[in-house]
Amino acid sequence: FMEAAKLRAARRLWAKIAEACGALHDDQTAPIHAVASPRCLSRRDSWVNSLRTTVGAFAATVGGADHLTVLPFDAAIGLSDELARRMATNSQTILREESHLGRVIDPGGGSWYLEALTDELSRAAWARFQEIEANGGMRAALVEGRIEKTLDAALTNRERALATRKDPVTGVSTFPDLSEEPLRRDRTGAHDPEAPAAAVAIEELTRLLKAAASPAGDGAVIDTAIDAAAAGATISQLSTALRGTRNRELMKPLPSRRESDLFESLRDTSDTWLAATGSRPRIFLANMGPVPEHKPRATFAAGFFEAGGIEVLSNDGFENATEAAAAFARSDTRMAVICSTDARYPELVPELAAALESCGARTVLLAGKPREYEQAWREAGVAGFIYQGCDQHQLLVDLLKEEGVLHV
């Protein structure tokens with residue numbers, strides 16, 4: 001709904017601006033080309049991206065996009081292969097030819113919720129637009145860093161929602177798979193440095209720098225930039241070269257980050273550790289009681305830690321603290337998490353936490369909220385608690401630091 005409303009609001013705002021500038025009614029329409037958001041794509045469990053881009057394509061069509069591009073599911077990894085490109089194309093074709101989305105002029109028209117959301121977004125965006133214009137326009141807002149500051153604040157709030165799993169990322173922060181085979185792609189798409197085209201591109205870039213500093217002016221710069229691009233220079237290389245042109249205002253690049261980066265960076269660190277040592281950081285599940293009692297929290301704990309690349313050592317449960325501590329002592333790890341029911345915890349936790357510590361546990365955690373027992377359980381040796389809504393990312397970072405896997 002939000003994505004569809006954004007496009008509908010954008011079209012309304014464009015018409016309003018065009019009208020204010022004197023455009024006739026027939027010229028106030030904005031042709032919209034919608035592209036699946038790279039921000040939402042993940043490198044881990046990237047097959048799920050096909051679901052994300054399909055939902056995005058549906059929303060864009062309902063929102064009134066005239067043209068649509070569905071990104072391949074492996075676009076976050078590098079250059080897409082033939083299968084990924086074919087699937088992306090087929091997604092659009094199925095939505096158009098089988099779901100008939102292109103046969104309705106305004107699929108969302110008349111929906112009270114969508115219309116109300118569109119109106120709310122339009123009014124908020126128009127107020128922001130007027131604020132920017134009243135303070136010197138977008139150029140001034142960019143150069144002075146006001147847009148960057150606004151986006152940073154939004155990004156902070158977004159990352160908080162991701163870190164606490166208020167907004168879960170399937171396959172990354174929830175339902176991760178440590179044993180998945182990573183897709184391999186050319187992540188850069190760069191030319192071979194020894195290739196003739198690349199050598200020509202470097203030569204053209206050198207000439208571009210000289211042209212930028214010469215009295216010939218922008219005409220020479222543009223001509224040289226075209227030659228360099230034709231020879232294989234990348235946008236990044238051209239941008240770097242153009243920084244030498246005269247009378248240019250520089251601004252800090254606006255923040256851009258994929259939502260899955262927060263947890264994928266931890267998985268990358270774990271993979272590096274695995275390659276160097278032959279094993280991942282591990283945590284022992286101290287499952288107490290029969291399977292029906294400990295399984296819900298054991299399952300939650302497994303997904304919680306695997307999202308950070310921490311391997312989980314599970315079991316079918318123990319009858320008492322002595323059995324659990326003995327099994328932990330054989331596990332060759334120094335981290336443990338207690339998993340059972342709220343009814344068992346008050347009597348179980350103090351004895352079990354002490355037993356685990358006596359067997360070499362450096363960090364003992366508990367799955368569930370501590371409620372009124374937090375102080376008592378911390379005094380007994382419980383270092384922290386995992387539950388829905390806690391700061392999952394920060395806790396994983398702390399554990400990886402304790403294990404020596406993460407150093408920043």
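Trainee: In this predicted model, at what angle do helix 10 and helix 15 pack, and what does that make of their relative direction?

Mentor: Helix 10 and helix 15, the latter spanning residues 392-402, have axes 11 Å apart and pack at an angle of about 20°. Angles under 35 degrees count as roughly parallel, and therefore helix 10 is, relative to helix 15, roughly parallel.

Trainee: Is the crossing of helix 10 and helix 15 left-handed or right-handed, and how many nonpolar residues does their contact have?

Mentor: The crossing of this pair, helix 10 and helix 15, is left-handed. On the helix 10 side the contact uses Leu 262, Phe 263 and Leu 266, and these meet Gln 392, His 393, Leu 396, Val 397 and Leu 400 of helix 15. Sorted by class, the residues of this contact include no charged ones and two polar ones, while the number of nonpolar residues is six.

Trainee: How are helix 12 and helix 13 arranged relative to each other?

Mentor: Helix 12 covers residues 321-329 and helix 13 covers residues 345-358, and their axes come within 9 Å and cross at roughly 25°. The crossing of helix 12 and helix 13 is right-handed. With angles under 35 degrees counted as roughly parallel, helix 12 and helix 13 are therefore roughly parallel to each other.

Trainee: Which residues of helix 13 make the contact with helix 12, and how many charged residues does the contact have?

Mentor: Helix 12 brings Ala 321, Ala 324, Ala 325 and Phe 328 to the contact, and helix 13 brings Glu 351, Leu 352, Ala 355 and Leu 356. By class, the contact of helix 12 with helix 13 has seven nonpolar residues and no polar ones, and the number of charged residues is one.

Trainee: Turning to the open spaces, how many residues line the largest pocket, and which of them lie nearest its centre?

Mentor: The largest pocket holds about 1,500 Å³ of space. Helix 1 (2-20), strand 1 (33-35), helix 2 (49-62), strand 2 (67-69) and helix 4 (112-134) are the elements that each give two or more residues to its lining. The lining residues divide into 29 nonpolar, seven polar and nine charged. The lining has 45 residues, and those nearest the centre are Met 2, Glu 3, Lys 6, Ser 37 and Arg 39.

Trainee: Which element gives the most to the lining of the second largest pocket?

Mentor: The second largest pocket has a volume of about 430 Å³, and its lining of 15 residues has Arg 39, Leu 155, Arg 158, Pro 255 and Arg 257 nearest the centre. By class, the lining of the second largest pocket has seven nonpolar, one polar and seven charged residues. With six residues, the element that gives the most is helix 6.

Trainee: How many cavities of 30 Å³ or more does a search of the whole structure find, and which element gives the most to the lining of the largest cavity?

Mentor: The search of the whole structure finds one cavity of 30 Å³ or more, and the volume of the largest cavity is about 40 Å³. Its lining consists of Ser 50, Thr 53, Val 70, Leu 71, Pro 72, Phe 73, Met 87, Ala 88 and Ser 91, and the residues divide into six nonpolar, three polar and no charged. The element that gives the most to this lining, with three residues, is helix 3.

Note on methods
Residues are numbered from 1 along each chain as its sequence is written. This is a predicted model: local features need pLDDT of at least 70, side-chain atom pairs count only at pLDDT 80 or more; totals for chains, interfaces and linings use all residues. Side-chain values use heavy atoms; hydrogens and water are left out. On a 1 Å grid over the protein atoms alone, a cavity is a set of points where a 1.4 Å probe fits but cannot get out, and a pocket is an open set with protein on both sides within 12 Å along at least five of seven lines; lining residues have an atom within 4 Å of a point. Grid points are joined across faces, edges and corners, and a volume is the space filled by probe spheres set on the points. Helices (H or I, at least four residues) and strands (E, at least two) are DSSP runs, numbered from the N terminus. Ala, Val, Leu, Ile, Met, Phe, Trp, Tyr, Cys and Pro count as nonpolar, Asp, Glu, Lys and Arg as charged, and the others, Gly among them, as polar. Axes are lines fitted to C-alpha atoms, for helices over the stretch in contact, and angles run from 0 to 180 degrees between N-to-C directions. Angles under 35 degrees count as roughly parallel, over 145 as roughly antiparallel, 65 to 115 as roughly perpendicular and the rest as oblique. A crossing is left-handed if the near helix is turned anticlockwise from the far one by less than a right angle, and right-handed if clockwise. Contact means heavy atoms within 4.5 Å.
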